[in-house]
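Here's a quick look at how two parts of one chain meet. Have the model open while you read.

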Amino acid sequence: MEIADIIGFDLCGYPSSPQQILPVSAEYVYQLDNGLTLVGEPSAAFQSAAFSLLVPAGCRYDQPAHAGLAGLTCEMMLRGAGDRDGRKLITDLENLGVERGESVGVSQASYGGSTISKSLLPALTIYADIVRRPQLPGDQLEAGRAVCLQELRGVEDEPGQKLMTELRRRYYPDPWGRSSHGTAEAIESLAIADVERFHAARYGPNGAILGVAGKFDWQQVCDSVEQLFGDWPIQPSDDSVEEVEGRTDSHLSYESNQSHIGIAFASIPYRHPRYFEAWSAVGVLSGGMSSRLFSEVREKRGLCYTVYATLHTQRDRAAVFCYAGTTAERAQETLDVTFRELVRLGEGVSDDELARLKARIKSSLIMQQESTSARAGSLARDWYHLGRVRPVEEVAAKIDALTAASINAFLAENPPQSFTAMTLGRQPLEFPDAVS
Amino acid sequence: MQFRSHRLANGLEIVAECNPAAHTMGVGFFVRTGSRDEATELAGISHFLEHMAFKGTPRRSAEDVNREFDEIGAHYNAFTSEESTVYYASLLPEYQSHALDILADIMRPSLRESDFEMEKKVIVEEIQMYLDQPPYGMDDRIKQLCFGSHPIANSVIGSEASVTALVPEQMLHYHRDRYSADNLFIAAAGNVDFDALVTQAEQLCGEWEPTGASRATPPVVMEPAVEVKPHAVSTQQYVLLLRDAPAAEHADRFAAKLLTTIVGDDSGSRMYWDLVDSGLVESASLGHYEYQGLGMFYTWLACEPDDMVDNLSRLQQLFEAVERSGIGDEELAQAKNKLKARVVLGNERPRSRLFNVGGNWLQRREYRSLTDDLESVDSVTVADIMSVLEKFPLSKHATVTVGPLESVGDLA
């Protein structure tokens, strides 16, 4: 079956779970004078500890002629920092057992790692070097550039992913729908001075968030973070954005066996007071194998292998993105059935559907507590979205308070009705009238 | 943390790593059957049967199965490989009994003809999806090229033609023969009530018949053949290299894993520094996979088509260098540090422990604690690794490449 679990926790990150497990995370917040926020969740139940460092250095800051600069900068950051060259840096992290990962989103660059508990502080020491004192060696620029170009090419061979990337670009005004990959033309034009300028302008404590979860001593981590980041100079703050309409075409021609269908419609972001209503409505649509899309499109009609909808949330905007991949001759029917379910959602959800969803939410919350890296990421994202950690009681209360009536009231006021769609395959498909 | 096991009179085994401190649990049925157990005309039937298990039983409709799993908030799924089919769920301990009831029930599915034809369509879509992502279909091709008629080379998903030709009666027979009491077992990990698990398994599965199902494990002959498959739509060129390696039963498997970590891990390995860090390739890695009676060293590489021949030549030099000059103590120490941290990190969740407990039982009918694995990693020496390399030199392998290239000259 191998069905992806699409319930959206990866996107919004729940701060906490029922009390039987957790310390109250809100107590573990430490603000540095320069703006960096440390959010922690110590727990003796683990052998590991994980961290997630968010820096406001996402691709929204790329000038169009430099599309891909945020990504190239992130790539260059690990090629030597402090007094370690690139090789020594990676080797030392590996000897500490750090499983690491970096990524660049629209608004932030994210540096994360998890390791056995005793290696946490030495790892953070290295990461302070990485974000504050990268060497950005000019003689490695070509290698870094080549890595970025390879990634860009790789996306071309994953039609489903490519479609959804392009749909995001079309749905949101630029820069909000960007992918960090940029363009080959821009990447080829970038010089090491561009990378240095981007680092100087965007990497700093102002707006930076460090989430730490797992087995660690809170006071010790506060002291270390103060020592490692306390004198990090504040970077200039320029968040001005000029929004430009996204792309307007609706079909990408591609010699694939399957037709890939993407549909988007408006929703509300994580920090909106009615987020939980919006999010659970999407859960009824696409969470678990008894959800509407899975059941109507795949189980009852056998139209496709993959179909899902997910609520994608940024801080100030959000949308539901829906995907289905199917063979060309059944693509029109797949589109029609999927679309019908999206519209039908506006008519409301039932008590039974909500009860199942709550059961899944409850177990998801508890399962998330069993992964330190999931927790560290959630803490940091929670702080970014809300400017605080949502206390345990609040989340539990919000979930408990959900009723079919409250969700349906939201859906009645905000029915899915204006859709943006895109297809990728040999032939374009016919969209219903409500689709642009 | 306590390991417990029990065997019912009909041969069905129940194994669990019980951890009362955990907040969740994982439980699953592990069936000792997969594509290597399929006759030619049955290609794809194990995977198809895995789909059909969710389509209903005498006690439950397909909708009931999905709805009930969702009602207890379970995260559930199933997968099929060359030699196993696994159905599992992660859940809160209070739902253990309900989860086992559903899982045991779907081990005895109705296999109704209308569902059979409907689900065929879903599998055809799954096949088409893989065909659009060219390197995926190639893993089947390279197994055939490398291992010839050995059953391990059978395709897990089958082909559109083989799956379309299947009829329900074939599946009924296959199910009867392979899903027997002595050819599957229940594994669990986390906050498990083991006594209750055994009592319920006795009620639900106690009447299941054993069949004495077995598996052919012919000797392995590796053929270092080369094949180029043109795929004009691709942007990148993909390369797979395959050869045999230490098997699941063999103690050498830990040395094999350290060897692949040193040579081909996706970060900090020799291949990483030579090919990935330099941007010569999009990705390159080497892994060790273990099966009953054989293992595989599997190399994967993606790069720009024009650079492929040069990259493969670099890779070959790298393999020859490690065979010729061996590995250093520092490299080994680094790989051990990395692997041990991975073992710890990868086993904190009951769900991960479920696959560890189930996997060890599947392969060796043994229980291995986290500490056992850490000690096994620690005890590997440079000499152990060189001995693996001598038996299974990385420089000898089958090669398949797919992408825009029509031909690639002499790659052998």
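Across the interface of domain 1 of chain A and domain 2 of chain A, the rule picks up nine residue pairs in polar contact, both residues at pLDDT 80 or more. A polar contact here is a pair of N or O atoms within 3.5 Å, where within protein one must be able to donate a hydrogen and the other to accept it, and residues adjacent in sequence count only if both atoms are side-chain atoms.

On the side of domain 1 of chain A that touches domain 2 of chain A, α6(A) gives the most, with 10 residues. Sorted by class, that side of domain 1 of chain A looks like this:

| Class | Residues on the domain 1 side, chain A |
|---|---|
| nonpolar | 22 residues |
| polar | 14 residues |

The same interface has one salt bridge by the rule (a side-chain nitrogen of Lys or Arg within 4 Å of a carboxyl oxygen of Asp or Glu). Glu41(A) forms a salt bridge with Arg375(A), with the closest N and O atoms 2.8 Å apart.

As for the domains themselves, an automatic or database assignment gives domain 1 (18-229) and domain 2 (251-425) of chain A. The contact (heavy atoms within 4.5 Å) takes 43 residues from domain 1 of chain A and 41 residues from domain 2 of chain A.

A note on the source: this is a predicted model, where local features need pLDDT of at least 70, side-chain atom pairs count only at pLDDT 80 or more, and totals for chains, interfaces and linings use all residues. Residues are numbered from 1 along each chain as its sequence is written, and side-chain values use heavy atoms, leaving out hydrogens and water.

Terms used: Chains lettered and ligands numbered in written order. Helix = DSSP H or I, 4+ residues; strand = E, 2+ residues; numbered from the N terminus. Nonpolar A, V, L, I, M, F, W, Y, C, P; charged D, E, K, R; others polar.
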